[in-house]
Amino acid sequence: MMAWKVGGALASLLVLIWVSNSAAVAPASETAPARSAAAKRETWRRDYRAPTAIPFPDANPYSEAKAELGRRLFFDPILSGDRNRSCASCHVPALGWGDGRGRALDLSGGDMELRTPSILNLAWQERLGWDGKFRTLESVSFFPITGAGNMNLPVAEALRRLSEDADYARAFAEAFETSSEGLPQAQTRIPSRATPVVTQERVEAALATFERLIVSRPAPFDRWIGGDEGAITEAAKRGFDLFNGKANCAACHSGWSFTDGSYHDIGTATGSDIGRGRYFPNAPALRYAFKTPGLREVSRRAPYMHNGSVPTLAAVIDLYDRGGIDRPSRSADIRPLGLSLSEKADLAAFLETLSSEPGRVPALADLTADTPRP
Ligand code: HEC
Ligand code: HEC
């Protein structure tokens with residue numbers, strides 16, 4: 001510790017000496033760009049601090065009983081027609097909560113239209129789905145459950161199965177019919193024949209509560225913005241500067257989970273799926289607009305994009321470097337970047353720092369042990 005302090009003091013002394021020497025032979029303005037680059041980096045670093053608590057909506061506040069019920073439902077194949085699939089069949093914790101496939105596997109063994117997105121850090125996002133078809137996290141669940149090629153279970157059958165399972169019936173009653181909802185007991189204990197214990201709304205509320213707890217773990221990047229200069233390499237730091245500067249990535253991949261939660265055409269997609277554009281036929285800018293994915297754990301979930309069309313991170317960077325297809329819908333923030341080979345490598349090194357240590361991807365045990373609690 002002491003040795004480090006002495007070293008640090010020596011190093012700053014040397015810098016001072018160097019600065020004053022060079023100032024003597026060159027105009028002072030020559031050192032200004034370096035100084036302003038460092039100042040910029042400091043400002044950017046502040047923009048990426050992770051929050052300390054998970055937000056829950058007023059309409060579906062956190063309770064431990066609800067989260068635990070949601071966890072059970074998420075991993076239970078009872079929610080699929082043939083009892084062969086659960087949410088975790090596609091949102092696999094060890095694969096960054098995606099499935100590692102270009103496109104999701106449908107029940108007949110073929111490919112669905114879309115790639116399974118990671119479900120990390122969704123508590124901070126409103127609109128969901130590659131094309132923004134879901135308004136809330138609650139509203140997503142029955143889309144895969146009832147999807148014919150997906151889990152293929154009608155709503156009524158799902159509710160019947162869960163009500164007939166004594167364990168589940170008890171868990172639903174505990175999660176929703178105690179005072180944990182903030183309502184007086186008397187008010188929630190209205191005759192149970194009129195209000196079934198298991199309802200679609202409650203399944204949605206429990207699953208969403210669990211899903212809001214799926215938060216990325218601290219990565220080397222977080223240690224660096226927390227002040228540990230040795231946590232990431234110099235190449236990664238230069239990559240961070242490019243991400244926020246010349247390469248313009250932060251125009252869309254902003255904030256600690258690296259998404260603006262919005263929809264853009266990055267000039268890559270072709271074909272019949274026009275993304276968000278299908279809901280807005282009169283808004284040409286939304287043709288081929290897809291959701292900006294967060295970039296936490298990104299190096300763990302190739303292939304990339306809504307259709308899995310880009311195999312590696314290096315290929316993603318090449319694509320942005322070329323600037324995509326020049327067309328009216330392409331975002332004004334996408335343009336050819338003119339990155340050198342070493343700049344591309346720096347950018348890739350930076351993206352790698354967003355993954356937590358190997359073996360430390362959020363897993364089921366982690367979620368019950370040390371996930372930040374509200
Ligand atoms: C067969 C694979 C598969 C299964 C099983 C599955 N999903 Fe998904 N999930 C997907 C795909 C593909 C999408 C993208 C759908 C879209 O954008 O229209 C998706 C999207 C989502 C999203 C939106 C994520 C975002 O970033 O926009 C959530 C939340 C989600 N799924 C939760 C669940 C839950 C909860 C279950 C279980 C009830 C489940 N999924 C079961 C493949 C699957
Ligand atoms: C105009 C907004 C915008 C800019 C600027 C932008 N991105 Fe993206 N990014 C997106 C969108 C939208 C997608 C999803 C596109 C799709 O699925 O077809 C995406 C996808 C990605 C993916 C794939 C993630 C995944 O899980 O599939 C990576 C990696 C990525 N971007 C990195 C970058 C980098 C690096 C830069 C800077 C060179 C950058 N982005 C600039 C909006 C943007």
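## Close-up views of a predicted model

pLDDT, the predictor's confidence in each residue from 0 to 100, stays under 50 over residues 180-188, a stretch with 11 contacts (heavy atoms within 4.5 Å) beyond four places in sequence in the model. Over residues 367-374 the pLDDT is also below 50, and the model gives this stretch 19 contacts beyond near neighbours in sequence. Where pLDDT is low, the predicted coordinates should not be read in detail. For the protein, the mean pLDDT is 86, with 83% of the residues at 70 or more.

This is a predicted model, in which local features need pLDDT of at least 70 and side-chain atom pairs count only at pLDDT 80 or more, while totals for chains, interfaces and linings use all residues. Residues are numbered from 1 along each chain as its sequence is written, chains are lettered from A and ligands numbered from 1 in the order in which they are written, and side-chain values use heavy atoms, with hydrogens and water left out.

**View 1. Surroundings of ligand 1.** Ligand 1 is surrounded by 28 residues (those with a heavy atom within 4 Å of it), and the closest are C87, C90, H91, K133 and K291. A nitrogen atom of ligand 1 lies 2.9 Å from a polar side-chain atom of H91. Polar backbone atoms also approach oxygen atoms of the ligand: the distance is 2.6 Å for G129 and 2.7 Å for W130.

**View 2. Surroundings of ligand 2.** Around ligand 2 there are 26 residues, of which C249, C252, H253, H306 and Y320 come nearest. Side-chain atoms of two of these residues face nitrogen atoms of the ligand: a polar atom of H253 at 2.9 Å and an N or O atom of Y320 at 2.6 Å. H306 places a backbone N or O atom 2.7 Å from an oxygen atom of ligand 2.

**View 3. Crossing of helices α3 and α9.** The axes (lines fitted to C-alpha atoms over the stretch in contact, with angles from 0 to 180 degrees between N-to-C directions) of α3 (residues 64-74) and α9 (residues 200-212) come within 7 Å and cross at roughly 95°. Helices here are DSSP runs of H or I with at least four residues, and strands are runs of E with at least two, numbered from the N terminus. Residues in the contact include L69, L73 and F74 from α3 and V203, L207 and F210 from α9. By class, the contact has nine nonpolar residues (Ala, Val, Leu, Ile, Met, Phe, Trp, Tyr, Cys and Pro), three charged (Asp, Glu, Lys and Arg) and two polar (the others, Gly among them).

**View 4. Crossing of helices α11 and α13.** Helix α11 (residues 234-244) and helix α13 (residues 341-352) have axes that come within 7 Å and cross at roughly 100°. The two helices are therefore roughly perpendicular to each other. Among the residues that meet are R238, F240 and F243 in α11 and E343, D346 and F350 in α13. Nine residues of this contact are nonpolar, one is polar and three are charged.

**View 5. Backbone geometry in two loops.** A cis peptide bond, with omega about -5°, joins A302 and P303. P303 is in the loop between β2 (290-291) and α12 (313-322). N152, in the loop between α5 (142-146) and α6 (155-164), has a positive phi near 55°. Most residues other than glycine have a negative phi, and most peptide bonds are trans.

Technical notes:
A polar contact is a pair of N or O atoms within 3.5 Å; within protein, one must be able to donate a hydrogen and the other to accept it, and residues adjacent in sequence count only if both atoms are side-chain atoms. Angles under 35 degrees count as roughly parallel, over 145 as roughly antiparallel, 65 to 115 as roughly perpendicular and the rest as oblique.
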